[in-house]
Amino acid sequence: MIHSEIETLLNNQIKLEGNASMQYLSMASWAEANGFNGVATFFYNQAEEERMHMIKLIKFVNERGGQAIIPVLDQVLKDFKSINDVFETFLTSEEKVTNHVNQVVYQCLQLKDYTIHNFMQWYVSEQLEEETLARTILDKLKIIGNDKGGLYQFDKDIETFSVEVDNE
Ligand code: OFO
């Protein structure tokens with residue numbers, strides 16, 4: 001049986017993953033509407049990934065004898081100042097999710113629930129990967145600065161990268 005405190009935390013985690021998915025869908029839509037098709041592909045993929053993370057948690061909570069709650073999601077951001085702003089939002093969103101993953105992991109240790117602790121390690125690695133990805137992209141964007149040609153190339157590269165990851 002799942003401890004009620006952990007069940008609540010996992011349900012919060014479900015909501016965070018759902019929100020991240022919708023936020024990335026919104027970023028994909030903004031990028032597409034503004035002519036950045038590569039960035040749009042990247043965020044359409046990210047949105048799918050987050051949805052998959054949410055569903056993985058929903059199934060896990062139910063399998064452990066709890067009840068996963070399908071959350072009402074928060075309003076997501078829809079206007080961005082630039083591509084840089086989009087990726088800053090990506091990083092902030094990932095950091096928020098990581099903080100909560102850490103909170104769940106901490107509570108599992110406090111309550112000695114090593115099964116859920118073990119399950120959450122997948123999310124720990126995933127967050128590490130995604131935060132690193134966001135920081136790497138932001139570093140590249142810093143180098144590009146206001147160079148329009150650089151940004152054009154960046155958009156092309158990130159599309160190829162996204163399609164490759166998709167086909168793996
Ligand atoms: Fe769910 O992986 Fe990031 O947020």
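Predicted model: local features only at pLDDT ≥ 70, side-chain atom pairs only at ≥ 80, totals over all residues.
Trainee: How many helices and strands does the protein chain have, and what pattern do they follow?

Mentor: Helices (H or I, at least four residues) and strands (E, at least two) are DSSP runs, numbered from the N terminus. The protein chain comes to 5 helices and 0 strands, in the pattern α-α-α-α-α along the sequence. Its C-alpha atoms fill a box of roughly 55 × 30 × 25 Å, taken along the principal axes. Of its 168 residues, 46% count as buried; buried means under 20% relative accessible area, exposed over 50%, and partly exposed in between, with a 1.4 Å probe and protein chains only.

Trainee: What span should α2 have, and what is the distance between its end C-alpha atoms?

Mentor: The expected span of a helix is 1.5 Å times one less than its number of residues. The 27 residues of α2 should therefore span 39 Å, and its end C-alpha atoms are 39 Å apart, which agrees.

Trainee: At what angle do the axes of α1 and α2 cross?

Mentor: Two packed helices are described by the angle between their axes and the distance between the axes. Axes are lines fitted to C-alpha atoms, for helices over the stretch in contact, and angles run from 0 to 180 degrees between N-to-C directions. Helix α1 (residues 4–33) and helix α2 (residues 37–63) have axes that come within 8 Å and cross at roughly 165 degrees. They are therefore roughly antiparallel to each other; angles under 35 degrees count as roughly parallel, over 145 as roughly antiparallel, 65 to 115 as roughly perpendicular and the rest as oblique. The residues of this contact divide into 18 nonpolar, 7 polar and 5 charged. Here Ala, Val, Leu, Ile, Met, Phe, Trp, Tyr, Cys and Pro count as nonpolar, Asp, Glu, Lys and Arg as charged, and the others, Gly among them, as polar.

Trainee: How is α1 placed against α3?

Mentor: The axes of α1 and helix α3 (residues 83–110) come within 10 Å and cross at roughly 170 degrees. That makes α1 roughly antiparallel to α3. The contact of α1 with α3 has 15 nonpolar, 8 polar and 4 charged residues.

Trainee: How many salt bridges does a search of the whole structure find?

Mentor: Side chains of opposite charge can pair when their charged atoms come close. The criterion is a side-chain nitrogen of Lys or Arg within 4 Å of a carboxyl oxygen of Asp or Glu. The search finds 4 salt bridges. One of them joins K78 and D79 at 3.6 Å, N to O, and both residues are exposed.

Trainee: Which residues are linked in a network of salt bridges?

Mentor: The network links E95, E131 and R135. E95 and R135 have their closest N and O atoms 2.9 Å apart. Since E95 lies in α3 and R135 in helix α4 (residues 114–144), the pair ties together parts that are 40 residues apart in sequence. The salt bridge of E131 with R135 is 3.2 Å, N to O.

Trainee: Why are E131 and R135 separated by about one helical turn?

Mentor: An α-helix has 3.6 residues a turn, so residues three or four places apart point the same way. E131 and R135 are 4 residues apart in α4, which means a separation of about one helical turn. E131 is buried, at 12% relative accessible area, whereas R135 is partly exposed at 37%. E95 is partly exposed at 31%.

Trainee: Which residues with positive phi follow α2 and α3?

Mentor: Most residues other than glycine have a negative phi, and most peptide bonds are trans. G65 follows α2 with a positive phi near 95 degrees. K112 follows α3, and its phi is positive, about 55 degrees, although it is not a glycine. K112 lies in the loop between α3 and α4 and counts as exposed at 59% relative accessibility.

Definitions and conventions: Residues numbered from 1 in each chain as written. Heavy atoms only, no water.
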